[in-house]
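I opened this model to look at its helix packing and its nonpolar core. My notes follow in the order I looked things up.

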Amino acid sequence: MQCCHKTAQSHESGSGRSLIMGSLRAVRHASHRSLDMTGKPNTSAFSADAGEGAAIAPALAQADAAWVQGDRAGAISKLTTLAARAPTVTAVWFRLGGYALQSGRPDAALGYLQNAVAHAPGDALAWTNLGIALARLARIDDAIAAYRRA
């Protein structure tokens, strides 16, 4: 991240546009961290934990498998059903947001990721992905704020 911070700092005395561009570079850098090595959303940070999340872990795994096999509609359908069944499980919202980002749908990702950070306000990866969605929607100030929370 040093390269991104250095870029933003080197333009602080310049125009506001340069500072924003430096911040966008930082967001792009973060988007690479939020994806695993194959370009799929990094869902390992949001494995289902105890309680309700553990009960839906097999369904989360099925949704992930569908996504990896190219059944994007099937994965989204499974996750949407899970979100209705377990609305407080962050892993579901995080995956829906990540998959929406991967599908080029930052507008859909925004709502999903807002739910993720509402249920896990201390999770840096959820805030990072929210910042990515906001940046892709050209909501630069909001993206920077989310990125700072990360």
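Entry 1. I started with Leu 60, which sits in helix α4. The model is predicted, so I am reading computed values throughout.

Entry 2. Next I looked up the largest nonpolar core, which has 38 residues. Which members touch the most others? I found Val 92, Leu 96 and Leu 130. At least two core residues come from each of α4 (57-68), α5 (72-85), α6 (90-102), α7 (106-119), α8 (124-136) and α9 (140-149).

Entry 3. I took Leu 96 for a closer look. Setting aside neighbours within four places in sequence, I list Ile 76, Leu 79, Thr 80, Ala 83 and Tyr 112 as its contacts.

Entry 4. I turned to the pair α7 and α8. Their axes come within 9 Å and cross at roughly 155 degrees. Angles over 145 degrees count as roughly antiparallel, so I log α7 and α8 as roughly antiparallel to each other. I note the crossing as left-handed. On the α7 side the contact is made by Pro 106, Ala 109, Leu 110, Leu 113, Gln 114, Ala 116 and Val 117. From α8 come Ala 126, Trp 127, Asn 129, Leu 130, Ala 133, Leu 134 and Arg 136. By class, I have 11 nonpolar, two polar and one charged residues in this contact.

Conventions: Residues numbered from 1 in each chain as written. Predicted model: local features only at pLDDT ≥ 70, side-chain atom pairs only at ≥ 80, totals over all residues. Heavy atoms only, no water. Core = buried A, V, L, I, M, F, W, Y, C linked by side-chain atoms within 4.5 Å. Buried < 20%, exposed > 50% of the residue type's maximum accessible area, 1.4 Å probe, protein only. Helix = DSSP H or I, 4+ residues; strand = E, 2+ residues; numbered from the N terminus. Contact = heavy atoms within 4.5 Å. Axes fitted to C-alpha atoms, helices over the stretch in contact; angles between N-to-C directions. Parallel < 35°, antiparallel > 145°, perpendicular 65-115°, else oblique. Left-handed = near helix turned anticlockwise from the far one by under 90°. Nonpolar A, V, L, I, M, F, W, Y, C, P; charged D, E, K, R; others polar.
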